[in-house]
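Biologist: I'm new to this one. Could you walk me through it, question by question?

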Amino acid sequence: MGAFLQIRVSAVTFDPGQVEKAWPRLVRLAYPVEATPPAQRPGVLELVETLTDKVRLDDLAVPDEFDPVPGIRAASDQAERLKAALADRDPQTADALSYTLEESLWDLERGLS
């Protein structure tokens with residue numbers, strides 16, 4: 001890093017609208033209609049954080065036939081590992097973890113259908 005410039009490696013959702021299209025059931029699980037809608041559309045990491053918070057608070061309305069809690073915990077772990085890789089300035093590991101995290105969300109979405 002320079003004296004005035006800070007170098008950052010970060011992960012952001014380019015188009016949060018695609019999150020709602022890709023994983024509509026997970027978004028509804030995280031942000032139920034009766035709840036106050038989020039100020040902005042959630043990105044991938046925000047969706048995982050919200051689902052993780054709901055699991056911690058035991059505030060998750062889960063269907064009887066599928067328990068998403070283990071998958072949410074796995075996705076949360078992957079998101080934390082991704083953030084750690086970013087903090088360590090390891091974009092290759094972060095990139096690999098982004099695919100793993102998204103696949104976990106696809107698995108959860110399929111389970112909720």
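Predicted model: local features only at pLDDT ≥ 70, side-chain atom pairs only at ≥ 80, totals over all residues.

Biologist: Which helix gives the most to the lining of the second largest pocket?
Modeller: That pocket holds about 210 Å³ of space. Eleven residues line it, and Arg-28, Leu-29, Pro-32, Leu-60 and Ala-61 lie nearest its centre. With three residues, the top contributor is helix 2 (residues 24–30).

Biologist: How many charged residues does the lining of that second largest pocket have?
Modeller: Sort the lining of the second largest pocket by class and you get six nonpolar residues and no polar ones. The charged residues number five.

Biologist: Now the largest pocket: which helix gives the most to its lining?
Modeller: The largest pocket holds about 430 Å³ of space. Of its 21 lining residues, the closest to the centre are Ala-11, Val-12, Thr-13, Val-44 and Leu-45. Helix 3, helix 4 and helix 5 each supply at least two residues of the lining. With five residues, the one giving the most is helix 5.

Biologist: And how many nonpolar residues are in the lining of the largest pocket?
Modeller: Going by class, this lining has five polar and four charged residues. The nonpolar count is twelve.

Biologist: Let's turn to helix 4. How far apart are its end C-alpha atoms?
Modeller: Helix 4 covers residues 69–87, which is 19 residues. At 1.5 Å a residue it should span 27 Å, and the model agrees, because the end C-alpha atoms are 27 Å apart.

Biologist: Which helices do the buried residues of helix 4 pack against?
Modeller: The buried residues of helix 4 include Val-69, Ile-72, Ala-75, Ala-79, Leu-82 and Leu-86. In general, residues three or four places apart on an α-helix point the same way, because there are 3.6 residues a turn. The packing partners of the buried residues here are helix 3 (44–56) and helix 5 (91–112).

Biologist: Is Gln-78 buried or exposed?
Modeller: Gln-78 is found in helix 4. Its relative accessible area is 10%, and the cut-off is under 20%. Therefore Gln-78 counts as buried.

Biologist: With which side chain does the side chain of Gln-78 make a polar contact?
Modeller: Leaving out residues up to four places away in sequence, Gln-78 touches Thr-100, Leu-101 and Ser-104. The polar contact, at 2.8 Å, is with the side chain of Ser-104.

Note on methods: Residues numbered from 1 in each chain as written. Heavy atoms only, no water. Helix = DSSP H or I, 4+ residues; strand = E, 2+ residues; numbered from the N terminus. Expected span 1.5 Å × (residues − 1). Buried < 20%, exposed > 50% of the residue type's maximum accessible area, 1.4 Å probe, protein only. Contact = heavy atoms within 4.5 Å. 1 Å grid on protein atoms, 1.4 Å probe; cavity = no way out; pocket = protein on both sides within 12 Å on 5 of 7 lines; lining within 4 Å. Points joined across faces, edges and corners; volume = space filled by probe spheres on them. Nonpolar A, V, L, I, M, F, W, Y, C, P; charged D, E, K, R; others polar. Polar contact = N/O pair within 3.5 Å; in protein donor to acceptor, adjacent residues only side chain to side chain.
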